[in-house]
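Q: Hi, I'm about to open a structure and would like to talk it through step by step. Could you help me read it?

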Amino acid sequence: MSILRSMAAGLRSFFRKDCAERELDEELTGFLEMAAEEKMNEGMTRQEALRAARLERGSLEVTKEVIHSATWESFIETCWRDFRFGVRTLCKSPGFTAVAIITLALGIGANAAIFSAIYAVLLKPIPFKDPDRLVFIEKQNKPRGWVRNPISSAEIVAWRSQSGAFDDVAAYKEKSCVLTSAGEAEEDPCEVITSNLFPLLGVLPIHGRTFSTEEDQPGGPRVAILSYRLWQKRFATDEKVIGRAINIDGDSYTVVGVMPANLSHLYASSYDTLPDLWLSGIALSPTQVWNEYFGIGRLKPGFSLQQAESQLDAISARIESMDPDLKDWRAQLMTLRTNASGDTRSALFVLMGAVVFVLLIACANVANLLLARSARRANEFAVRNALGASQSRVVRQLLTESLVISMAGGACGLLLATLGRKGLAALAPEALLRSAPDLAVTAADFRILAFTFLVAIVTTVLFGLAPALQNARPHVTEILKETGRSSLQSPRSRRLRSALVVSEIALAFVLLIGAGLMVRTLAQLGHLNLGFNPTNVLTLRVPLSGERYKEPQSRVQFWDQVISVVESLPGVESASVSRGLPISGWVGQFFTTAEDPTPPAGQVPDANYVVVGPHYFHTMQIPLRAGRTFNDHDTNASERVVIVNEELSRLYWAGQDVLGKRLQIGGAGPWRTVVGVAGNVLSQGPDAGFHSEMYIPYQQFPWLMDGPKHLVVRTVGNVRPQTLVRSVVQEIHRIDKDQPVADIATMEQIALEPVAQRRMVMALLVSFAGLALILSTLGIYSVLSYSIAQRTREIGLRMALGAQHGNVLRLVVAGGARLAALGIAVGLSASLALTQLMKVLLFGVRPIDPFTFYAVIALLAVTSILACYIPARRAMRVDPMEALRYE
Amino acid sequence: MPKERSDLVQGTLDMLILKTLALEPMHGYGITVRLEQISKATFRINAGSLFVALQRLQRAGLIRTEWKATENSRRAKYYTLTQQGRKRLDNETKEWERQVAAIARILEAS
């Protein structure tokens, strides 16, 4: 209440200043006159009395000032006055102002851009009900080092019924469906879900309903929910679609609902996009151990992830004996947030650290400029001080001036950040853009604005406080005595400026090391032999679903046809098919060898299970180490054969002749004879190393899984694979016009995916480090130039006394080199510790990489010497006569 | 020169002004004179602190103002206690007495 009244009164007197002023004047004059009248009654003259009253009670003007300054509106008035004064002063030195604002804009802009990325990826709430309690339920096999595996129905049932940690657990499995009844056949990502999935997430359909529990049966009513996208694209947003029958993979489903457009895909652990269809029909059986489901649970309040995990582990240990396939498997829980941000978290933290460093360097630079400038303004402050300005008043005025600079810098920084975000979105790996679509949105969010504002304020204190405090304690008499001579630099101020330069160089050193390590990492990755040759390879996927391809033989026929027509296309060297592609997803499968046909449960060997066509090794250029590749004689009628990779033969037949060995896949089916040994392939990206692999000819069609779907085409030397897309797709559609073609990409694109994030980090770190190098070089340069200007007389004197040019050069360069050496030393010791933080981002390089360290030391040393050289040249040209004449 | 001057105990000037105004509306100089007389010139009040206090009290709604003629037919701003001011004075007086009693007890005890 009283605050409001005080504000109202303040505003009244603020806007009716003249009126309030007159009233106060009259009142005070009256006050003093009354006091004087009393004195006159005691016999003083009027003049004496007035003087005595003023002495006793305070003069009119001082009293008015005291009364006025006690109000809050006067505080604002002073700020406003300081602000206008600051703007005027800054406009008088446009060079200084521009440099300071640009420097800060770069620092603040980089921070705002990286913060906006962090917000989009790590902080923005996931749009589900109480998302922090939602967890993915997957499983891991610690003894075998397998993580993030899908879970089985038996485990879901046991966990759900025996654990008290969850409010509810839903399950889904991923699938590709082909919707044939509405327009052109097209493959759509879809999910088979339990009916409680959407209620668990707390999302509602915009039309119709979600599934009911009766529909959780494979034999129950077949019902489907459409995504908004699919509804729009295939059903023209027709609300009457509810209740309609649609044909999916040859079966008829009834549409019961449509989900909203803004539904997030972040509940799905591995899909990067939202499914287009959700189908009913998961019946969870307590005995089924096939690992095909993803689980998602809502933790009960009060349960931590660890508590829930240990509860589930206890249950897993109980049911382990039920089936050998359950042995050693334990739950692996992960919050939605952790899953969505994945390994981006560490990359973003490294980048945030880097931009903070850039900002600190920018602040140090501006502080240095301010110190130099305030030395020139020493007279002004001495005069202010002499006229009665208090220290705090001077500090306040200088800080306001700094605030003007940093606010302008912040505004420009915001513009830079918008540009920076565009660049960031262009550099970001696709997977990151999909899990954080906001990254590509460049509109300024109010949080980004608030962050930038906050950074600008902090910046003001960082760069403005030290110079302001320095100025607030001038040696008034000394400075005023020396009027005319620009200033004298106190040793304290000189030390401060040197310290700033040293820290700038140290910070730049750390950034350069970080950037250097990333450059080395990318170089290592670039030279990495993947085990196959990704250049000139086109890949695409044909789902081969529907009635027509139910029989394995029909699929073999389809691919036989496709391969022969594609291989006859001009520009094609060879073509083949495979089930899955290296890096983007091969699937493991158990096998047993003839030597050890019944290994104990939990120790059954496994290998990536790759079904390929005859020319696969040639097309991918995977070298054959022994034996033969597949050929047209490997048919359904001939001997069952397999090609293993070096890793598999090393693990299970080390030192033996591998050719002719036999293995059985999946614990049933025919025994296969090894006819060849292929070279190892980095099948799961560069970080995962080599895995066992077994290749099976697709003509001997496997009874497991659903056969090959990927076409791989190698083009001849100078034909870019992208140019063949049209003709290949045409040929496929000539063979079967109802088969959609999906996932068209070059193998090079696929091979780059795992390094995309490192590439982004590298590009950003290199630009930040470059910025840091420029700023810190400018820092040395400006400090030295300034000190030369200060020491003109001294240098003149030295030269007059016989110092040679060389001596002067050495004097100046040595001064700069000392600072640089100190900075490098500090930066070196900081880097030794800090580079450990970016370990996960590195590949093939140790955090303390001697080459990088030497290179950065050399780079900084050379640039620092160059930065010293220019002012040193100026010092050499000092004319002793002229320098001394100033005295 | 006046006799030895004491500084007011922090924050008590407001209370003393309110007390003075509780008797009758007064102008600024009147308040000063009254305070100095009653305190037997223990306190000397300068214009600055007086008017800052008056401004504060007015903004807090404890007093209101009015221009009137003085007995010497001069125009002056008179300050009057509001209902709220009266309440505040009561509270502050009670609080003050409580504290003084407590302090006195402590001083006597030792």
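Q: Where does A:Asp328 lie?
A: In this model, which is predicted, A:Asp328 lies in the loop between H10 and strand S12 (329-335) of chain A. Its phi is near 70°, which is a positive value in a residue other than glycine.

Q: And is A:Asp328 buried, exposed or partly exposed?
A: A:Asp328 counts as partly exposed, because 17 C-beta neighbours lie inside 10 Å, and a residue needs 20 or more to be called buried.

Q: Which residue other than glycine has a positive phi of about 50° in chain A?
A: A:Arg148 has a positive phi of about 50° although it is not a glycine, and A:Arg148 sits in strand S2 (residues 146-149) of chain A. With 14 C-beta neighbours inside 10 Å, A:Arg148 counts as partly exposed.

Q: How many C-beta atoms are around A:Ile315, then?
A: There are 18 other C-beta atoms within 10 Å, so A:Ile315 is partly exposed.

Q: New topic: what is the overall build of chain A?
A: Chain A has 28 helices and 23 strands. Its radius of gyration is 38 Å, well over the 29 Å that the globule rule gives for 887 residues, so chain A is more spread out than a compact globule. Taken along the principal axes, the C-alpha atoms of chain A fill a box of roughly 130 × 75 × 55 Å.

Q: How much of chain A counts as buried?
A: Of the 887 residues, 41% count as buried. As for contacts in chain A with a separation of 6 or more, residues 24 or more positions apart account for 83% of them.

Q: Which residues have the most contacts inside the largest nonpolar core?
A: They are A:Val358, A:Leu511, A:Phe768 and A:Ala772, in a core that has 111 residues. Helix H12 (residues 344-376) of chain A gives the largest share of this core, 20 residues. There is also a second, separate core of 58 residues, which includes A:Leu226, A:Val256, A:Tyr293 and A:Leu333.

Q: And what is A:Phe768 in contact with?
A: Leaving aside neighbours within four places in sequence, A:Phe768 is in contact with A:Ala110, A:Ala354, A:Val355, A:Val358 and A:Leu511.

Q: OK, on to chain B, what is it made of?
A: Chain B has four helices and three strands, and from the N terminus on its elements run α-β-α-α-β-β-α. Buried residues make up 27% of its 110 residues.

Q: What is the order of the strands in the sheet?
A: The three strands form an open sheet with the order S1-S3-S2 (chain B) and antiparallel pairing. Strand S1 (26-27) and strand S2 (63-69) of chain B stand at the edges, each with a single partner strand, so one side of each has no neighbour in the sheet. S2(B) and S3(B) pair over seven bridges in the antiparallel sense.

Q: What lies across those strands?
A: Helix H1 (residues 12-23) of chain B lies across S1, S2 and S3 of chain B, and runs at about 100° to S3(B).

Q: Which residues of H2(B) are buried, and what covers them?
A: The buried residues in H2(B) are B:Gly28, B:Tyr29, B:Gly30, B:Ile31, B:Thr32 and B:Leu35. What covers them includes helix H2 (17-41) of chain A, together with H1, S1, H3 and S3 of chain B.

Methods
Residues are numbered from 1 along each chain as its sequence is written. Chains are lettered from A and ligands numbered from 1 in the order in which they are written. This is a predicted model: local features need pLDDT of at least 70, side-chain atom pairs count only at pLDDT 80 or more; totals for chains, interfaces and linings use all residues. A residue is buried if 20 or more other C-beta atoms lie within 10 Å of its own, exposed if 12 or fewer, and partly exposed in between; C-beta atoms are placed from the backbone. A nonpolar core is a set of buried Ala, Val, Leu, Ile, Met, Phe, Trp, Tyr and Cys residues joined through C-beta atoms within 7 Å. Helices (H or I, at least four residues) and strands (E, at least two) are DSSP runs, numbered from the N terminus. Two residues are in contact if their C-beta atoms, placed from the backbone, lie within 7 Å. Two strands pair if DSSP finds at least two bridges between them. Axes are lines fitted to C-alpha atoms, for helices over the stretch in contact, and angles run from 0 to 180 degrees between N-to-C directions. The radius of gyration is taken over C-alpha atoms; the globule rule is 2.2 Å times the number of residues to the power 0.38.
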